[in-house]
Amino acid sequence: MNRGCVVALVAALAFAALMATPPVREEIRWRSIAGSPDPEAFHGFLVRWPHGRHRAEARLRLEQTTWAAAAAADAPVLHDYLARFPAGVHVREARARLEELLWQEVIKQRTAAAFDRYLRAYPQGRFAGAASAQRQAVLADDTVFAAAQRQGDRAAYETFLANYPGHAREAEARAVLADIQGRDLFDLLAEKKVEARATGDDITSVSLKLRRKVHYPLRVVVPVGTFFAARDESAQSMVTVASREVTLTGDDWESASVDVACADLHLDIPSDEVGFTIRRAPAQRELQKLMPVLAAANADQAVRQAAVWILSDDASYEDLGTLVQSSQFNAFGGTRMINAPEAVRALQLLAEA
């Protein structure tokens, strides 16, 4: 190898060694990103050279580029800027921009809840006076309640109450929501929000017809122990053995079948021509106490009927045998339904009641 080649090789090796030193690599990287608008370039530089000679410049450029991106962006980016630079040059601007963004959102929503959110965040803010004034205005605005009425369902009233706490029609909205969620039949009858009729069906059920008298869906709860007093003296009266819920969504009469037990052993099974007077509870106090116990025990039909007849008619075991199940092969009589196990269980539930 001649002298010139040796010199060139040595020079190349020396240059390569120089380029491999950390200060030189830092300088090369810095010059490549110094004019970049990307905050992540400066973040990566500081991670790689946290104590390098360009660290101060890199931190300044990191803040500048982060703010440039945040100034025209949404709230999450501004919050990110404040988290990364709590003592930064643009902190006041960032906070002012966040307040302005929130106010724009609040004005767009224009609900009492939105104004409350702004006032909690900025009680002494630039828009606090306007927020308080507009909050009072929307709480007296009847059109927002009328909108809930037009939609008329549970979601509409729940949204109204969430968006306008303290509204002049709040109590009315809560009352409507309670009706939609479910109210006792007799409370709704007393408030003239529903009409009710009942006729016979068979020994285990009553045909109940309901019609709402309000403009919104109504869930009617027929409670355990509701008493259907037969208007025909020869027909049996009935008492509900389980609660029943009926949702009324239209303006016409709607029908529902209600599970009952007969409370008059020796009278006729009511037909669909027999009407009932609907009462909250039987006159017999012992029977009032019994019905919730039967419902909670989830007793079968035979046990429930036995327990009711023992109370209502002082029925003997022989009397209980009048409840039979007929078949297509036996037109006369049938199979006894209340046997010794059912009678014993009925007596146990009576003792519990």
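Biologist: How many nonpolar, polar and charged residues does the lining of the largest pocket have?

Modeller: In this predicted model, the largest pocket holds about 170 Å³ of space. Its lining includes Ile203, Leu265, Trp309 and Gln236. By class, the lining of the largest pocket has six nonpolar, four polar and no charged residues.

Biologist: Which element gives the largest share of the lining of the largest cavity?

Modeller: The count of cavities of 30 Å³ or more comes to one, and the largest cavity has a volume of about 50 Å³. Two or more lining residues come from each of strand S8 (254-262) and helix H14 (301-313). The largest share, three residues, comes from H14.

Biologist: Which side chain of opposite charge is nearest to Glu342?

Modeller: Glu342 lies in helix H16 (residues 340-352). Leaving aside residues up to four places away in sequence, Glu342 touches Ala302, Val303 and Met337. Glu342 is buried yet has no salt bridge. At 7.2 Å, the nearest side chain of opposite charge is Arg336.

Biologist: Against which helices do the buried residues of H7 pack?

Modeller: Helix H7 spans residues 112-121, and its buried residues include Phe115, Asp116 and Tyr118. The buried residues of H7 pack against helix H6 (91-109), helix H8 (128-139) and helix H10 (154-163).

Biologist: Are Lys193 and Asp179 buried or exposed?

Modeller: The side chains of Lys193 and Asp179 meet in a salt bridge, 2.7 Å from N to O. Lys193 lies in the loop between helix H12 (185-190) and strand S2 (194-202), whereas Asp179 lies in helix H11 (residues 170-181), 14 residues apart. Asp179, Arg183, Glu191 and Lys193 are linked in a network of salt bridges. Both Lys193 and Asp179 are buried.

Biologist: Why does Arg211 count as partly exposed?

Modeller: The side chains of Glu195 and Arg211 meet in a salt bridge of 2.8 Å, N to O. Glu195 lies in strand S2 and Arg211 in strand S3 (residues 205-212), so the pair ties together parts 16 residues apart in sequence. Buried means under 20% relative accessible area and exposed over 50%, with partly exposed in between. Arg211 is therefore partly exposed, because its relative accessible area is 26%.

Biologist: How far apart are the closest N and O atoms of Arg154 and Glu158?

Modeller: Arg154 and Glu158 both lie in helix H10, four residues apart, about one turn of the helix. Arg154 is partly exposed at 39% relative accessibility, and Glu158 is partly exposed at 34%. The two residues form a salt bridge, and the distance between their closest N and O atoms is 2.9 Å.

Note on methods:
Residues are numbered from 1 along each chain as its sequence is written. This is a predicted model: local features need pLDDT of at least 70, side-chain atom pairs count only at pLDDT 80 or more; totals for chains, interfaces and linings use all residues. Side-chain values use heavy atoms; hydrogens and water are left out. On a 1 Å grid over the protein atoms alone, a cavity is a set of points where a 1.4 Å probe fits but cannot get out, and a pocket is an open set with protein on both sides within 12 Å along at least five of seven lines; lining residues have an atom within 4 Å of a point. Grid points are joined across faces, edges and corners, and a volume is the space filled by probe spheres set on the points. Buried means under 20% relative accessible area, exposed over 50%, partly exposed in between (1.4 Å probe, protein chains only). Lys and Arg count as positive and Asp and Glu as negative; His and the chain ends are not counted. A salt bridge is a side-chain nitrogen of Lys or Arg within 4 Å of a carboxyl oxygen of Asp or Glu. Contact means heavy atoms within 4.5 Å. Ala, Val, Leu, Ile, Met, Phe, Trp, Tyr, Cys and Pro count as nonpolar, Asp, Glu, Lys and Arg as charged, and the others, Gly among them, as polar.
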